[in-house]
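Trainee: I am new to this structure and would like to go through it with you. Could you show it to me before we start?

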Amino acid sequence: MIILDGKKVSNDIKNEIAAEVEKMKANGEKVPHLAAIIVGDDGASLTYVGSKVKACERVGFESTLVKMAHTTSELELLKKIKELNEDDNIDGFIVQLPLPPQIDTQKVLLTVDPSKDVDGFHPENFGKMALDMSTFIPATPFGILELLQRYEVDTKGKHTVVIGRSHIVGRPMSILMSRKGWPGNSTVTLTHSNTKNIAQITTQADIIISALGVPNFLKAEMVKDDAVIIDVGITRVEDESHPKGYVITGDVDFENVSKKASFITPVPGGVGPMTIAMLLKNTLLAREQRK
């Protein structure tokens, strides 16, 4: 069994990006600039955005954090997005989700300039991805592809089962794993909360990508020997015995499933760190395109 070490791979990617940025500086070029908008004070979102800003510093990017109050109106947010769209100094930006209830998320995502949409959520970028055209791939699916590639996991002709159909992970993963090329060329089954006999389907899978958000959902008896397991789930589970009072748990019963798997991502330290690394990669791509 081989651990797909997202922490290590994300560090490698950040080092590669930092080297690119050094070359840009040496040539007197503008370095990439990533901005993030956060509305409200959701703890998890603040932590996540904070780590994005730190990652920018580490690779030599410029970064801007736009904090807006929880009471911000939809109109105010759309105005701010238009400002960033028109700011030539900014190469890419993200709007941290979830947004407060008074704001229509779809309207917000549609307002972001597709050429600066480094999250890959704009319908234009999503459509290009579905059509195999070059575009920004959403950071988490992009990170999963990169892990599969760097560990040389064979995907051709394999049966991939995706659990969860979110627009951020499940749906794009199902498209990407079936595309021509590598990683890809696999036969994909997309399962979700209404799928019947899910264990029957997962036991036939060569590769399982779980993005459900249900702790320890995938048990050893649901997995065949030598399956490749990608765990996207991140849930805080209360645990009195832990100093923090909680533990971070994935969708996969790691202890038992890892005994059967050929490759498996840990939680934490698997897919999570890859997401930020690929957001940086998308920002670098955005800068190169804007040249």
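**Strands, cores and loops**

Mentor: Let us begin with two strands: S5 and S7 run parallel and are joined by four bridges. Strands and helices here are DSSP runs, at least two residues of E for a strand and at least four of H or I for a helix, numbered from the N terminus. Two strands pair if DSSP finds at least two bridges between them.

Trainee: Before we go on, what kind of model is this, and how are residues numbered?

Mentor: This is a predicted model, in which local features need pLDDT of at least 70, side-chain atom pairs count only at pLDDT 80 or more, and totals for chains, interfaces and linings use all residues. Residues are numbered from 1 along each chain as its sequence is written, and side-chain values use heavy atoms, with hydrogens and water left out.

Trainee: Back to S7, then. Which residue in S7 is the bridge partner of Val 162?

Mentor: The partner of Val 162 is Ile 209. Ile 209 also has a bridge partner in S8, namely Ile 230. S7 and S8 pair in the parallel sense over four bridges, and Ser 210 is partnered by Asp 231 of S8.

Trainee: How many bridges join S8 to S11?

Mentor: Two bridges join them, and the two strands run parallel. Ile 229 stands opposite Ile 264 of S11.

Trainee: What is the order of the strands in the open sheet?

Mentor: The six strands follow the order S1-S11-S8-S7-S5-S6, with parallel pairing. At the edges are S1 (2–3) and S6 (187–191), each of which pairs on one side only.

Trainee: Which residues have the most contacts inside the largest nonpolar core?

Mentor: They are Ile 17, Phe 61, Ile 144, Met 173, Ile 209 and Ile 230, in a core of 49 residues. H10 gives the largest share, nine residues. A nonpolar core is a set of buried Ala, Val, Leu, Ile, Met, Phe, Trp, Tyr and Cys residues joined through side-chain atoms within 4.5 Å.

Trainee: Why does this core lie between domain 1 and domain 2?

Mentor: Domain 1 (28–113) and domain 2 (139–272) both give residues to the core, so it lies between them. The domain bounds come from an automatic or database domain assignment. Taken over C-alpha atoms, the centres of domain 1 and domain 2 are separated by 28 Å.

Trainee: What does Ile 230 contact?

Mentor: Leaving aside neighbours within four places in sequence, Ile 230 is in contact with Leu 4, Ile 144, Leu 148, Ile 208, Ile 209, Ser 210, Thr 265 and Val 271.

Trainee: A change of topic: where are the cis peptide bonds?

Mentor: One runs from Leu 97 to Pro 98, with omega near 0°, and Pro 98 is in the loop between S4 (92–95) and H4 (105–111). Another joins Val 267 and Pro 268, with omega about -5°. Pro 268 lies in the loop between S11 (263–264) and H10 (271–290).

Trainee: Which residue other than glycine has a phi near 50°?

Mentor: That is Glu 152, in the loop between H6 (139–150) and S5 (159–163). Glu 152 counts as exposed, because its relative accessibility is 64%. Most residues other than glycine have a negative phi, and most peptide bonds are trans.

Notes
Buried means under 20% relative accessible area, exposed over 50%, partly exposed in between (1.4 Å probe, protein chains only). Contact means heavy atoms within 4.5 Å.
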